[in-house]
Amino acid sequence: MCSSSKLYSSSMGEKPKPSAEKKGSKLTLFEDLLDSEDEVPGDSCPSDGESVISGPENEQQQFRASTNNLIRICEGEMVHEIIKKKLESGSSSSGFEARVEAIHRSDYSGIISRAQLQSFFIYSKAIEMKCGGNGNVKYAWYGAPKCEINEILSHGFGFSTTNRTFGQGVHLSPVEHPAESVQFADPDEDGVKHMLLCRVIMGKMEEIRPNSEQYNPSCEEFDSGVDNLSSPRKYIVWSSRMNTYILPEFMVSFRASSVHKAGNRRRNSLPIRRPNSDWLPFPTLIIGLSKFLPSDAIETITKHHNDYREQKVTRYEMIQRVRHIAGDKLLMAVIKSHKGRV
């Protein structure tokens with residue numbers, strides 16, 4: 001069954017004011033932030049508005065999913081359509097076609113989960129005060145295999161199974177640019193991918209270079225990292241802050257395919273293409289990268305290569321994953337260094 005929770009948007013007119021009694025008895029999502037904000041930046045939320053979950057406690061209970069305290073959101077509900085549109089439009093602009101299967105939201109009615117929610121709220125207020133009134137709270141995607149998603153929902157963020165090359169922390173994608181997180185959302189046994197849509201406290205951001213080994217802010221001035229200050233595609237939350245600065249709010253289940261395979265309908269009738277660069281075979285590229293990258297990164301690249309050869313991922317997906325691990329600058333340097341040798 002689906003949640004009957006309501007969505008209140010800043011674009012829908014006057015926002016509901018929580019009573020003192022309600023604040024004391026039940027913590028809802030960001031009521032105080034709603035009260036203090038007139039406008040919400042486009043990438044700080046799935047839509048132009050902020051969301052508040054409302055409804056009697058026992059009403060919420062009957063819609064709770066059997067695992068991980070998730071509540072399904074019905075198709076057609078405003079929040080469902082907003083998230084669906086964000087994922088599908090962001091994916092199509094990045095070369096993917098995403099089809100949403102289901103959306104669940106986290107249920108923060110339990111004692112421990114309420115403490116997690118309250119902790120996030122306290123930290124968001126603290127960073128807001130530190131940064132002069134703007135905590136820079138964003139919405140962002142986190143993609144991973146289903147088993148890791150379940151672990152996060154049950155126990156919080158821990159050791160990531162995906163290779164991260166912009167410092168030691170949790171890497172998320174801005175809500176408008178989900179492509180990288182889609183890449184790391186390996187399909188489950190039914191071919192369905194899963195991603196978390198999270199609230200993230202970014203505060204003051206600093207730019208992190210590829211292959212950085214940074215694991216904390218470079219100084220007290222900064223709170224988080226990005227790959228590019230002017231147009232970020234990666235949000236980096238340091239490991240020491242991952243379970244206080246990130247709040248998983250929704251789990252989105254979807255199917256994805258690449259729209260860059262125009263001749264894909266003829267794929268079964270064509271021989272398998274080996275993924276080569278313009279100048280050298282892919283195995284040679286891996287050997288060249290092994291001189292610069294750690295062994296675990298090379299193992300991950302080799303796995304992506306094997307997955308492509310076994311038709312588990314598309315060529316486009318394989319290339320994007322390798323680019324994320326190695327970085328374009330290193331890839332071009334290795335390719336150019338082998339030019340003319342093969």
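V200 has contacts, meaning heavy atoms within 4.5 Å, with F120, N136, V137, K138, A140, L172, V237, Y245 and I246, leaving aside residues up to four places away in sequence. A second, separate core of 19 residues includes I73, V79, A185 and F250. A nonpolar core here is a set of buried Ala, Val, Leu, Ile, Met, Phe, Trp, Tyr and Cys residues joined through side-chain atoms within 4.5 Å; buried means under 20% relative accessible area with a 1.4 Å probe, protein chains only.

The largest nonpolar core has 28 residues, and V200 is among those with the most contacts inside it, as are Y142, F157, L172, L196 and I246. Elements that give two or more residues to this core include helix 5 (111-130), strand 3 (137-143), strand 4 (169-174) and strand 9 (246-258). Strand 5 gives the largest share, four residues.

The model is predicted: local features need pLDDT of at least 70, side-chain atom pairs count only at pLDDT 80 or more, and totals for chains, interfaces and linings use all residues. Residues are numbered from 1 along each chain as its sequence is written, and side-chain values use heavy atoms, without hydrogens and water.

The protein has 12 helices and nine strands, taken as DSSP runs (helices H or I, at least four residues; strands E, at least two) numbered from the N terminus. Of its 342 residues, 49% are buried.

The average pLDDT, the predictor's confidence in each residue from 0 to 100, is 75, and 70% of the residues score at least 70. Over residues 4-42 the pLDDT is below 50. Residues 261-279 also stay under 50. Where pLDDT is low, the predicted coordinates should not be read in detail.

Definitions and conventions. Buried < 20%, exposed > 50% of the residue type's maximum accessible area, 1.4 Å probe, protein only.
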